[in-house]
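Trainee: Please put the model on the screen, and then let me question you about it.

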Amino acid sequence: MTTQGLFWADEIAQSIAAKGDTFVAATGITPSGHIHIGNMREVLTADVVVKALRQLGKDVTFYYIADTFDPLRRVYPFLDQKVFEPHVGKPLSEIPGPGREGQSYAEYFLEPFLESLKALDIHVDLLRADQMYKEGRYVENIIKAMEATPLIREILQKETGKETPEHWSPFQPICQFTGKMTGNMVLGFDPKAQTVHYRNEEGQEGECSMSGGGKLTWRLDWPARWQMLGVRFEPFGKDHASKGGSYDTAIRFAREIFNYEPPYPATYEWISLKGGGDMSSSKGNVLSIAEMVDVIPPEVLKYSVSKVKPSKRIVFDPGLPMLNLIDEFDDPEVKTRNPRAVELSAISGHPPLGVPFKHIVSLIQVTQGDVDKLAQKLNKAGYAVDDMAALKSRAAYATQWLEKFGPEDIKFEIQAKMPPQSFDLSDVQKKALRSLGDQLQESMDASAIHDLIYQIKNDLGIEPGQVFLAIYTALLGKNRGPRAGFFLASLDTDFVKERFLQVAQA
């Protein structure tokens, strides 16, 4: 079957669909910091492919693995140095978090992300790495890896070009004395007793169980997980796909150590923050997913990622470009550009409103948050608003977006009194306002008002920008504002006529 011209998720789905009727897809994250929009690309890439596979009639299990058993690498900038320095090297699941008492470090950062997945209508079977290790699910593969240590070292040297230290081991024991996973040397292991003998940096020797007493290093953990869960599809970042990276070694370890054929890969590019570079939890350069689902409709957030092929970089800009993206998702005419991305990003119970989001952003300021008045003005402007719940939802997002990301030149407030800047308008600008006020009628819609503005500018022989500047100055005390025709149509006509006359006489 040809896949040329298909939406990227359908192309992947059709490429692997012939291999069976039952599939396991997997994705995951190490919850070492705030889980951000950049991390969302992995889970969304998997989600849309899972949906495409299910639409082909395939039975798909979708695992999300939280790598809660990874060690804390260092004290990140957002952490208290004195509090967390003693915990460096300990598993994230075993460290107290910066939140409520009794909550682990891993759960502190994982919980808001899991709530965001609910908002995004992404349904996963959550697996916590610490629990899987403690339940003994990795034991068989730990033994295989430790018995094959010489071969693993050989593969690592060939694939990465680097020699492993003399006493290197694929297993990282947790020291019973320090609680740390780092700095311990494996001295031997007993496959029957399923234990590992080690020595820590202070020379203390101990023994740990393979069931929760440590974990495989990442390069072995990943392919071991594929085999254990039967993973057939998993997206991963371009860092893993680099030459000699963890995917190159994982392919060989899967086949040669764990006797498992690697899953279908899907490498994705990074999402960077406009003006801020690549997002990084460890550097604190993030917009968390939990933060964004309060500001932007979740289906649009999904669409912002799914519409772009994983191999292409995304520059995430939550400012004005996000308004265009919301309209692209909502507008029946505009969404024809990416209908499949819209379909796979849609969330049940979140119907499109059919009103440009920019209009809502403007009107929510005109009405000072009154949604009933907002509906009245939209109906007057020719938008049939039948779903008040959808309107309230969009109005709430507009308010949150304005507060957090709205540029100053898009924020405004109708001035109760004539702004002092009005005195600085030229005579011809004041004349334009007088003419506009004289001819403005309650029955005019945005298009009629727009035409009137251009008629007046032609009659007076001035640039349209001078008329718009006069309008915004008189009403807002600013040089810029929302689209003039729609804006004036949304205001009380008598108020506008009175203000323009007042300014013309100033």
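Mentor: Helices (H or I, at least four residues) and strands (E, at least two) are DSSP runs, numbered from the N terminus. The model is predicted, so local features need pLDDT of at least 70 and side-chain atom pairs pLDDT 80 or more, while totals for chains, interfaces and linings use all residues. Residues are numbered from 1 along each chain as its sequence is written, and side-chain values use heavy atoms, without hydrogens and water.

Trainee: Which element gives the most to the lining of the second largest pocket?

Mentor: A pocket is an open set of points on a 1 Å grid over the protein atoms alone where a 1.4 Å probe fits, with protein on both sides within 12 Å along at least five of seven lines; lining residues have an atom within 4 Å of a point. The second largest pocket has a volume of about 640 Å³ (the space filled by probe spheres set on the points, which are joined across faces, edges and corners), and of its 24 lining residues N324, D327, K358, H359 and R483 are the closest to the centre. Two or more lining residues come from each of α13 (320-330), α15 (357-366) and α21 (484-490). With six residues, the most is given by α13.

Trainee: How do the residues of that lining divide into nonpolar, polar and charged?

Mentor: Ala, Val, Leu, Ile, Met, Phe, Trp, Tyr, Cys and Pro count as nonpolar, Asp, Glu, Lys and Arg as charged, and the others, Gly among them, as polar. By that scheme the lining of the second largest pocket has 11 nonpolar, five polar and eight charged residues.

Trainee: Which residue has its backbone oxygen reached by the side chain of S490?

Mentor: S490 is found in helix α21, one of the elements that line the second largest pocket. S490 is buried (under 20% relative accessible area; exposed is over 50%, partly exposed in between; 1.4 Å probe, protein chains only), at 3%. At 2.6 Å, the backbone oxygen that the side chain of S490 reaches belongs to F487.

Trainee: Why is strand β9 largely enclosed by the rest of the structure?

Mentor: F233, P235 and G237 point one way from β9, whereas E234 and F236 point the other way, and all are buried. Strand β9 (residues 233-237) is largely enclosed because the count of its buried residues is five of five.

Trainee: What is the bridge partner of F233 in β10?

Mentor: Two strands pair if DSSP finds at least two bridges between them. β9 and strand β10 (residues 264-268) have five, in the parallel sense. In β10, the partner of F233 is Y264.

Trainee: What is the bridge partner of I29 in β2?

Mentor: Strand β1 (residues 22-29) has seven of its eight residues buried, so β1 is largely enclosed by the rest of the structure. β1 pairs with strand β2 (residues 59-66) in the parallel sense over eight bridges. In β2, I29 has as its bridge partner A66.

Trainee: Where does N259 lie?

Mentor: Most residues other than glycine have a negative phi. N259 is not a glycine, yet its phi is positive, about 50°. N259 is exposed, with a relative accessible area of 69%. N259 lies in the loop between α10 (246-256) and β10.

Trainee: What is the positive phi of Q368?

Mentor: Q368 lies in the loop between α15 and α16 (371-380). Its relative accessible area is 67%, so Q368 is exposed. Although Q368 is not a glycine, its phi is positive, at about 55°.

Trainee: Which residue does the side chain of E291 join in a polar contact?

Mentor: The place of E291 is in helix α11 (residues 289-292), and E291 is partly exposed, with a relative accessible area of 25%. E291 and I37 are 254 residues apart in sequence and 9.4 Å apart in space, C-alpha to C-alpha. A polar contact is a pair of N or O atoms within 3.5 Å; within protein, one must be able to donate a hydrogen and the other to accept it, and residues adjacent in sequence count only if both atoms are side-chain atoms. At 2.6 Å, such a contact joins the side chain of E291 to that of K404.

Trainee: How far apart in space are D331 and V48, C-alpha to C-alpha?

Mentor: D331 is in the loop between α13 and α14 (339-345). D331 is partly exposed, with a relative accessible area of 30%. D331 and V48 are 283 residues apart in sequence, and in space their C-alpha atoms are apart by 21 Å.
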